[in-house]
Amino acid sequence: MDEFKGQPRLPKFAVPKRYDLRLIPDLIACTFTGTVSIDVDIVADTRFIVLNAADLSINDATVSFTPLTSSKALAVSKVVLFEEDEILVLEFAEILPYGVGVLHLGFNGILNDKMKGFYKSTYEHNGEKKNMAVTQFEPADARKCFPCWDEPACKATFKITLEVPSELVALSNMPVVEEKVDGNSKIVSYQESPIMSTYLVAIVVGLFDYVEDHTSDGIKVRVYCQVGKADQGRFALHVGVKTLDLFKEYFAVPYPLPKMDMIAIPDFAAGAMENYGLVTYRETVLLYDEQHSAASNKQRVATVVAHELAHQWFGNLVTMEWWTHLWLNEGFATWVSYLAIDSLFPEWKIWTQFLDESTEGLRLDGLEESHPIEVEVNHAAEIDEIFDAISYMKGASVIRMLQSYLGAEVFQKSLAAYVKNHAYSNAKTEDLWFALEGESGEPVNKLMSFWTKQKGYPVVSAKIIDGKLQLEQSRFLSSGSPGEGQWIVPVTLCSGSYDMRKSFLLESKSGVYDLKGLLGCSIADGSWIKINVDQAGFYRVKYDDTLAAGLRIATESQSLTSIDRYGILDDSFALSMARQQSLASLLTLISAYKKELDYTVLSNLIAISYKVVKIAADANLQLMSEIKQLFIGVFQFSARKLGWDPKQGESHLDAMLRGEVLTALAVFGHDETLKEAVRRFDAFLADRNTSLLPPDLRRAAYVSVMQRANKSDKSGYESLLRVYRETDLSQEKTRILGSLACCPDPSIVQDALNFVLSDEVRNQDALYGLSGVSWEGREVAWKWLQEKWEYIGETWGSGFLITRFISAAVSPFASFEKAKELEEFFATRSKPSMARTLKQSIEKVHINANWVESIRKEDNLTQLVAQLSST
């Protein structure tokens, strides 16, 4: 039996075809019992059947295998569960006959509180605390609910039956075919599913309300939520119905199931999960309250719903063959959700906002401890860590780059062909490239292998010498170290205007181009050249001083599109962090954004400003206060334009921007903003429905209140806790949790962190408190993490959330001594499932420390900042 231990994949001598699964959850004792009969095709000589199981007790007496050619069950001589490998090995006395037989097993387990496998979530109904039963199987936790072949390629059909209390709603992937009530319990049977992977099986049992609608071809769509919250599901329902119709057209394949249920779960580790026909969500990303949700909440609901519904085709109908190809699921669902939202809400300018996805991918992929898009996965424990910005954001960004290169129509036709050819089956990355090559005639596989099989991306350095444009590529690393690697880079450029645009591939390390031949003119004095037009390529650009000066002037005069203004800023910030450009040149560029009003550009500038102020604080406190004044000056223009009060008929983007700009002014200590925010907060405390503090302004007000809180006056902190306790809207709770620890007083930060570990905060939400910690509070947060590490490991250690604790507490530091201390603490505490995140977080500390040292060496920086502030 030992030959089956330590293997990344199950042996292939038995193939599951159909599961007949019966489960009886006990919501009071928080246990479940079950039986499963699996039609298994024996395809090679074997005396063994090996499948996955974890955290289950197998009833040995119930285990049998009956070949269809015989009515006699074959005796099992040994049943062994290898817990470490999560496999169940059944040994038989004789070699099993080829062909299909039925494997029968009885088992029982615990409804756990870890938000994975078959678990319990809690809710209140009429003031009474109750449990619901929920499944979360991706990536590899179906095995915690029933013994199965828990790999994406082992697709089968599922016939599910549940026995539950008669007053409860019981949902699964397929519609109910029969419900038999027997006193206090009922037996619910569901239609058999089409073939699908185990990680997409879903069951939810609890008390729910719902709202309902239908797609244009009659598919029933419902949004389920806690009793009394049904109206908050209407916006998601609208988006869901429209999105299913849109994807049916785009993929040229109808939605494959007879219904689509979307359900809000009070305790949920991820954002949402695309289970076939029964998508589960956190409440914050499915429910929208007209009165108390912000515009950013509305947008989040729409994009997450579109992402999960895209998976019904890309992931569920066509499934990755193994987790190495996870990006096919996640990168595509991310990219195509933007396509859907752009169609439904064109006024949101969502493709401009897509730059935030690209930036997140670029930030993570700028680390030496990054990983390729296609990453080897050798154990189930490694899978969780690749649900990251590489699989999602870089994945989506290289898809956007490829679509931009091939053209939208060719791309869409290729995708439709790919979905049709691999429906109800599995695919690898190469299968997608093959479909795109067939339609476009371009060498897609060769081009894209550079982007998916090696980690990192290039920075393209551009300079003009004697009327010629010289380009050179090298791997970009945030550490500033020279990196290995070469890419086929799709270069786009324009000069002086967008009328003339050139595209070509940079296939070698460098290239020299005659500008007159390329653009039909040489570059005039004061004109500009922009490379990577519309930021369609997943790379950065470093301009020489002359080109950079031209772009700075073009930015100030708003001659560039908002997307290109974003790109120039983000590349300059990344180059400054990597010490390939001075902080002085970044701040000089930032001063060109004083009249900026575009939401996405300003939102990124605000994120950059927070980082720059913290780094400056580590370098020189006097410099930090000067830089804060510079940023206050930059954000004043948009703050005055937007004002505090929403205007009749204003755009969704202005509503989001107002809150972000006012929050930044509060964080940087702008007195006028702090006073007005506190005034409005006091009005809100007196009347929760006051028009003085609409949802879009609340975060700014909460942050302002916490800037003023301190050990001797905790009234603002206590008032916020009161609002937290009184609201039952998850979005309001997370808004408050994210604000509590932004206080500059470390003792309040300590209180806030202790609060997030209390029973008043759901485990899924604790991280919001830690991710909001102020610069002054990071030492407290690190000590707190060390003190609470055992409890944190016990509570979150089995899932991916533990990695978020590490990155939030570790990454903000900026000294080599601290990096050493962090490494020493984790030397005996790291596990394989957190190793990658830990290395990335400590690398970020080294990057920060190097940046701080380089800033200290810049001459006359404080004088320059004062000068920029006064102009």
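Predicted model: local features only at pLDDT ≥ 70, side-chain atom pairs only at ≥ 80, totals over all residues.
Colleague: What does the chain contain, and what box do its C-alpha atoms fill?

Modeller: The chain has 27 helices and 28 strands. Along the principal axes, its C-alpha atoms fill a box of roughly 90 × 65 × 55 Å.

Colleague: How does the radius of gyration relate to that of a compact globule?

Modeller: For 871 residues, a compact globule would have a radius of gyration near 29 Å. The chain has 28 Å, which agrees. As for burial, 61% of the 871 residues count as buried.

Colleague: What share of the contacts joins residues at least 24 apart?

Modeller: Taking contacts between residues at least 6 apart in sequence, 72% join residues at least 24 apart.

Colleague: By what are two packed helices described?

Modeller: The description uses the angle between the axes and the distance between the axes. Take helix α16 (residues 671–686) and helix α18 (residues 715–726), whose axes come within 11 Å and cross at roughly 45°. That angle makes α16 oblique to α18, and the crossing is left-handed.

Colleague: Which residues of α16 and α18 meet?

Modeller: From α16 there are Phe681, Phe684 and Leu685, and they meet Ser719, Leu720, Arg722 and Val723 of α18. By class, this contact has five nonpolar residues, one polar and one charged.

Colleague: At what angle do α18 and α20 pack?

Modeller: The angle is about 15°, and the axes are 12 Å apart. Angles under 35 degrees count as roughly parallel, so α18 is roughly parallel to α20. The crossing of these two helices is right-handed. On the α18 side the contact is made by Tyr717, Leu721, Tyr724 and Arg725, and on the α20 side by Ile748, Asp751, Ala752 and Phe755. Sorted by class, the contact of α18 with α20 has six nonpolar, no polar and two charged residues.

Colleague: Where is Val749, and is it buried or exposed?

Modeller: Val749 lies in helix α20 (residues 746–756). Its relative accessibility is 0%, so Val749 counts as buried. Not counting residues up to four places away in sequence, Val749 touches Ala741, Cys743, Val773, Ser774, Gly777 and Val780. One of these, Gly777, is 28 residues from Val749 along the chain, and the C-alpha atoms of the two are separated by 6.0 Å.

Colleague: What is the relative accessible area of Phe637?

Modeller: Phe637, in helix α14 (residues 621–642), has a relative accessible area of 27% and is therefore partly exposed. Leaving aside neighbours within four places in sequence, Phe637 is in contact with Lys594, Lys595, Glu596 and Leu597. The C-alpha atoms of Phe637 and Lys595 are separated by 6.2 Å, while the two residues are 42 apart along the chain.

Colleague: Burial can also be read for a whole helix. Why is α24 largely enclosed by the rest of the structure?

Modeller: Helix α24 (residues 801–810) has 10 residues, and seven of them are buried, so the helix is largely enclosed by the rest of the structure. The buried residues are Leu801, Ile802, Thr803, Phe805, Ile806, Ala809 and Val810.

Colleague: Which helices do the buried residues of α24 pack against?

Modeller: They pack against α21 (766–771), α22 (778–787), α23 (789–796), α25 (816–826) and α26 (832–856).

Methods: Residues numbered from 1 in each chain as written. Heavy atoms only, no water. Axes fitted to C-alpha atoms, helices over the stretch in contact; angles between N-to-C directions. Helix = DSSP H or I, 4+ residues; strand = E, 2+ residues; numbered from the N terminus. Parallel < 35°, antiparallel > 145°, perpendicular 65-115°, else oblique. Left-handed = near helix turned anticlockwise from the far one by under 90°. Contact = heavy atoms within 4.5 Å. Nonpolar A, V, L, I, M, F, W, Y, C, P; charged D, E, K, R; others polar. Rg over C-alpha atoms; globule rule 2.2 N^0.38 Å. Buried < 20%, exposed > 50% of the residue type's maximum accessible area, 1.4 Å probe, protein only.
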